[in-house]
Amino acid sequence: MDRIVLRRRGEGVVEAHEQAGSASAGVVALPAAELARYVRDRESAPVRWVWDDTTRWYPALLAAGVRVERCTDLRLAHAVLRRTPFADHDLLAGDDTAGWDALQPETATDAALFPLDDPADRLDPVAEDERQQAVLAASPERSRLGLLLAAESSGALVAAEMTAAGLPWRADVHQRLLTDLLGPRPPAGHRPVVLERLAEEIRAALGAAELNPDSPAAVLRALQTAGLPVDDTRSWTLEQVDHPAVAPLLEYKKLARLLSANGWAWLDAWVRDGRFRSSFLPGGVVTGRWAATGGGALSMPAQVRPAAVADEGWRFVVADVAQLEPRVLAGMSGDAAMAEAARASDLYQGMVASGAVATRADAKVGMLGAMYGATRGESGRMMPRLTRRYPRAIGLVEEAARAGERGEVVHTLLGRGSPLPAGAWAQRAVDLGEPPDEGDHREDRDRRRRAWGRFTRNFVVQGTGAEWALCWLADLRNRLWRLGGTGRVEQRPHLVFFLHDEVVVHTPEHLAADVAEEVRRAAVTAGRLLFGDFPVDFPLDVAVVGSWAEAG
DNA sequence: TCGATCGGCGCC
DNA sequence: AAAGGGCGCCGATCGA
């Protein structure tokens, strides 16, 4: 397959470096304005575009109606290679290392603010690509690491396409929802009438005439003055006590949250032309999960999802994986008993059926505890039992926790490495053993050590789950393209949302059933890519709906 | 006055 | 005695 490295040069010129082995090795210089046509032409045969950073190239191509099949995102690949235990890091070292380390993705606002001086332009993508390929070739885990790099780059393409397309959003539906719950939109600086009324109720119930219910400290003082035994103002805490102020306070908090997180200001800021426009950031989380910036895209409350509505004549296909992380744990640990439980569409029910635990609730709380590191309470009590039934699965997360406590790196199935701990406890653990110290400090160190162990314990599972999801997305993206006939990305079935273990596809109605089928096939492919023939299933809940809220 | 931090809560 | 992983974002509050 041809491999073409793109590089920006000054004065609106782009160089295309066709690498050895390509049909016509050499360098082509072309005006930036002609890039889209060049890329479109070359896409008629298999080609891999190599570029410094997808966010610096792909949005303009998409805007010109050009979709690419595959790329290598050097920024994301560099970040993976810097941390993976599967690579010889000396092979990645070069003059530019610090620059590649520091390279940040671009968002639409960055581009407008800093159009001229981009640090990416001081980096040499041809040299970096050669280094990365040398690292991969020398890796003892070439195939897993290669899969991770390919998946990460595909994810970058998906993210750019989703960011460009936006999530269909009906501002009128959203506004009606706000008005129904909060009252009419108030003038700037004023509370909606419903909140004002609740605030008065709270003040009356607590005998605190001036109370600002938005101030946690003031609310706490008022509650304590009224004689309530609380140390914070969390909803869960308030639900435990009986007082006339509690009901209006809980109602106030719920509605105030809606107002501040997804109220009229949110609509003004993030919804344009019938689309919620956020920015997805692949690799934005150390574990490999995506992050997003703008509008809180990854924490969209169920409450406002009715406003996500497919276009006229289009549908959403919403799919999510049930219990992704325990399934991934079964696969990566090769735990046959847990994989057997995972054969059920409800893994927790599968654990009950096999006699491992008594109830579904026990199964769920026990597995969450195993993956998050709960050692006591209901979760902790399940651990001995789970360890007996699922020795390999539980052993894997326990070992990841112990390694973290020793200050060591752990890694996902495909080789994403955890960061090294920064605290003093880790320096001492690795270099000096246990120094004598004041009791206070030792307790503090132990607390941090255990916290880091919980992080590495979760890292291996969350990170491998993210790898499964990346493979799912990448394969689905190609399947959707092949379904679609002609036209640009957003004129065909295309991804509009991704949330760790859930996807939303926007599709012309007549293709919805086909999309649902491809979503399932892509999940099978992802399972095979990660776990080969090991029999662990990833069943999906798939819904064809008009509004996101109708799914699940 | 403005940036950093806190308490809280939404999602997985 | 407390002991649960990862995020983004808000208003209030603190502090330079």
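A residue counts as buried when its relative accessible area is under 20%. Keep that cut-off in mind, as it comes back several times. The model we are looking at is predicted. Of the 552 residues of chain A, 51% are buried by that cut-off.

Let me begin with the overall picture. Chain A has 22 helices and 14 strands. How does the radius of gyration of chain A compare with that of a compact globule? For 552 residues a compact globule would come out near 24 Å, and chain A has 26 Å, which agrees.

Next, contacts. Take the contacts in chain A between residues at least 6 apart in sequence: 66% of them join residues at least 24 apart.

Now the surface and the charges. Chain A exposes about 25,100 Å², and carbon and sulfur atoms supply 51% of that area.

I will go through three of them.

One is between Asp-129 and Arg-3, with the closest N and O atoms 2.7 Å apart. Asp-129 sits in helix 6, residues 125-138, while Arg-3 belongs to strand 1, residues 2-9, so this pair ties together parts that are 126 residues apart in sequence. Are these two residues buried or exposed? Both Asp-129 and Arg-3 are buried.

Another joins Arg-8 to Asp-121, again with 2.7 Å between the closest N and O atoms. Arg-8 is in strand 1 and Asp-121 is in the loop between helix 5 and helix 6, so the pair links parts 113 residues apart in sequence. Arg-8 has a relative accessible area of 23%, so it is partly exposed. Asp-121 is also partly exposed, at 35%.

The last pair is Glu-141 and Arg-144, whose side chains meet at 3.1 Å, N to O. Glu-141 is partly exposed at 26% relative accessible area, and Arg-144 is partly exposed at 27%.

Salt bridges can also share partners. Arg-191, Glu-196, Glu-200, Arg-203 and Asp-214 are joined in this way into one network.

How values were computed: Residues are numbered from 1 along each chain as its sequence is written. Chains are lettered from A and ligands numbered from 1 in the order in which they are written. This is a predicted model: local features need pLDDT of at least 70, side-chain atom pairs count only at pLDDT 80 or more; totals for chains, interfaces and linings use all residues. Side-chain values use heavy atoms; hydrogens and water are left out. A salt bridge is a side-chain nitrogen of Lys or Arg within 4 Å of a carboxyl oxygen of Asp or Glu. Helices (H or I, at least four residues) and strands (E, at least two) are DSSP runs, numbered from the N terminus. Buried means under 20% relative accessible area, exposed over 50%, partly exposed in between (1.4 Å probe, protein chains only). The radius of gyration is taken over C-alpha atoms; the globule rule is 2.2 Å times the number of residues to the power 0.38. Contact means heavy atoms within 4.5 Å. Accessible areas come from the Shrake-Rupley method with a 1.4 Å probe; for residues, only the protein chains shown count as cover.
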